[in-house]
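Q: I have a model open and would like to learn how to read its features one at a time. Could we go through it together?

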Amino acid sequence: MSKIDDKCSWFQDRIDLYIDQELDRADNDAFERHVETCAACKEELSLAADVVSELRSLPTQRCPERVVDEAMQRASGETPQHPIRRVLGWLGGRPVLTMRPAMAAMILVVLAASVFVLTRHEQSPFNGNAGQQSVAEHSDKELELAKLDAMLAFAYLGRYSRRTVEIVREDVITNRVVRPLGKTIVEPMNPFPLDE
Amino acid sequence: MSTPFRELADEYRDRVYTFVYYSLRNREEAEDITQEVIVKLWRHRDEIDPQKLTPWVMRVAHNAVIDAARRQRTRSAVIAEGVELDVAERVVAAGSPDTDRSVRSRELRDALENALATVDEPYRSIVVMREVQDMTYAEITEALEIPLNTVKVYLHRGRRMLRVALRGKV
């Protein structure tokens with residue numbers, strides 16, 4: 001290798017240090033003197049400066065908001081440590097049921113049991129006129145309120161049943177089954193035909 | 001879920017997405033990894049030292065990028081070939097060396113983005129973290145768990161790899 005090549009190699013090894021202003025004064029001055037007289041090193045320095053300048057001006061990429069929405073949805077499902085989630089842990093930690101539909105179902109069961117017992121009590125042939133007494137014990141307003149409560153419980157149950165079905169369909173089936181399966185099928189399809 | 005966490009997730013989403021995008025040049029992968037990082041941030045939110053949040057997030061993102069790159073190694077090799085052809089075609093199409101500076105700059109940017117994807121790890125991640133995302137050396141050291149001097153050496157090596165990939169093409 002010629003003396004000039006050695007010199008260029010020494011300087012080219014220091015191009016990034018020069019750009020980052022990490023050379024000491026003596027080396028910095030020597031570097032600048034050399035670059036003034038060496039076309040190859042000048043060109044290399046120009047390319048290096050362009051690369052750094054372009055890297056620093058590469059735009060920030062905008063992440064679609066839905067990515068965070070989906071992450072939040074997944075994360076929020078992991079928050080409560082309620083038993084249903086633990087029991088359904090085999091589904092990958094995703095809650096299929098949430099606490100609210102479970103509570104709605106519980107309320108419904110209690111209301112249904114109350115209405116059933118009340119109705120049996122009122123209509124029992126063994127109670128004689130006890131049925132009349134029982135009706136008298138519960139005013140029309142109370143019965144109306146009980147009916148409204150039952151309807152409300154049904155409405156909650158319907159609403160959360162629909163939500164549960166949506167979660168099962170979107171979160172479990174789409175995200176946990178269809179997408180991974182799709183990736184498993186599509187990914188190997190790209191390289192192999194070209195390799196063969 | 002608390003609003004402060006949503007704000008935190010919003011604060012980091014573009015940073016993670018940008019890092020993954022420039023590392024893998026794949027938007028779908030960038031979305032998946034960004035989502036995964038946010039979920040992990042949620043799971044470990046109480047354990048992370050607030051002073052070291054950025055390095056923590058970037059370490060998780062970096063590990064995910066490494067895994068994704070490993071999974072797709074064969075495909076990446078094929079894509080990299082395509083990238084080389086792509087760059088060469090565009091440079092030929094760019095015409096004479098007297099081309100307008102803004103066009104040259106655009107060419108350089110395109111070529112640079114493609115060349116980045118061909119740089120090996122961890123050089124690429126260090127280049128992206130330092131030059132594109134303006135992370136401090138201390139943050140990179142923390143994120144990648146390598147010494148400060150190594151970060152500096154790898155940064156210069158990564159830049160040099162980029163120059164080699166770009167030489168004669170822009």
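Q: What does chain B average in pLDDT?

A: This is a predicted model, in which local features need pLDDT of at least 70 and side-chain atom pairs count only at pLDDT 80 or more, while totals for chains, interfaces and linings use all residues. Residues are numbered from 1 along each chain as its sequence is written, and chains are lettered from A and ligands numbered from 1 in the order in which they are written. The pLDDT is the predictor's confidence in each residue, from 0 to 100; chain B averages 82, and 78% of its residues score at least 70. The model as a whole scores ipTM 0.77 and pTM 0.58.

Q: Which elements of chain B have the lowest and the highest mean pLDDT?

A: Elements here are DSSP runs numbered from the N terminus, helices being H or I over at least four residues and strands being E over at least two. The lowest mean pLDDT among the elements of chain B belongs to α4(B), at 45, and the highest to α6(B), at 95. Residues 78-99 of chain B have a pLDDT below 50, yet beyond near neighbours in sequence this stretch has 21 contacts in the model, two residues being in contact if their C-beta atoms, placed from the backbone, lie within 7 Å.

Q: How many helices and strands are there in chain B, and how many in chain A?

A: Chain B has 8 helices and 0 strands, whereas chain A comes to 10 helices and 0 strands. Of the contacts in chain B with a separation of 6 or more, 71% are between residues 24 or more positions apart; for chain A, 58% of the contacts between residues at least 6 apart in sequence join residues at least 24 apart.

Q: How do the axes of helices α1 and α3 of chain B cross?

A: Two packed helices are described by the angle between their axes and the distance between the axes. Axes are lines fitted to C-alpha atoms, for helices over the stretch in contact, with angles running from 0 to 180 degrees between N-to-C directions. The axes of α1 (residues 3-24) and α3 (residues 53-71) of chain B come within 10 Å and cross at roughly 30 degrees. The two helices are therefore roughly parallel to each other, a description used for angles under 35 degrees, with over 145 counting as roughly antiparallel, 65 to 115 as roughly perpendicular and the rest as oblique. Residues making this contact include Tyr12(B), Val16(B) and Phe19(B) of α1(B) and Val57(B), Met58(B) and Ala61(B) of α3(B). The contact residues divide into 11 nonpolar, 1 polar and no charged, where Ala, Val, Leu, Ile, Met, Phe, Trp, Tyr, Cys and Pro count as nonpolar, Asp, Glu, Lys and Arg as charged, and the others, Gly among them, as polar.

Q: How many residues does the contact take from chain B and from chain A?

A: The contact between the chains takes 32 residues from chain B and 29 residues from chain A. On the side of chain B that touches chain A, the largest share, 9 residues, comes from α1(B). That side divides into 15 nonpolar, 5 polar and 12 charged residues.

Q: Is His156(B) buried or exposed?

A: A residue is buried if 20 or more other C-beta atoms lie within 10 Å of its own, exposed if 12 or fewer, and partly exposed in between, with C-beta atoms placed from the backbone. His156(B), found in helix α8 of chain B, is buried, with 22 other C-beta atoms within 10 Å. Buried residues make up 39% of the 170 residues in chain B, and 11% of the 196 residues of chain A count as buried.
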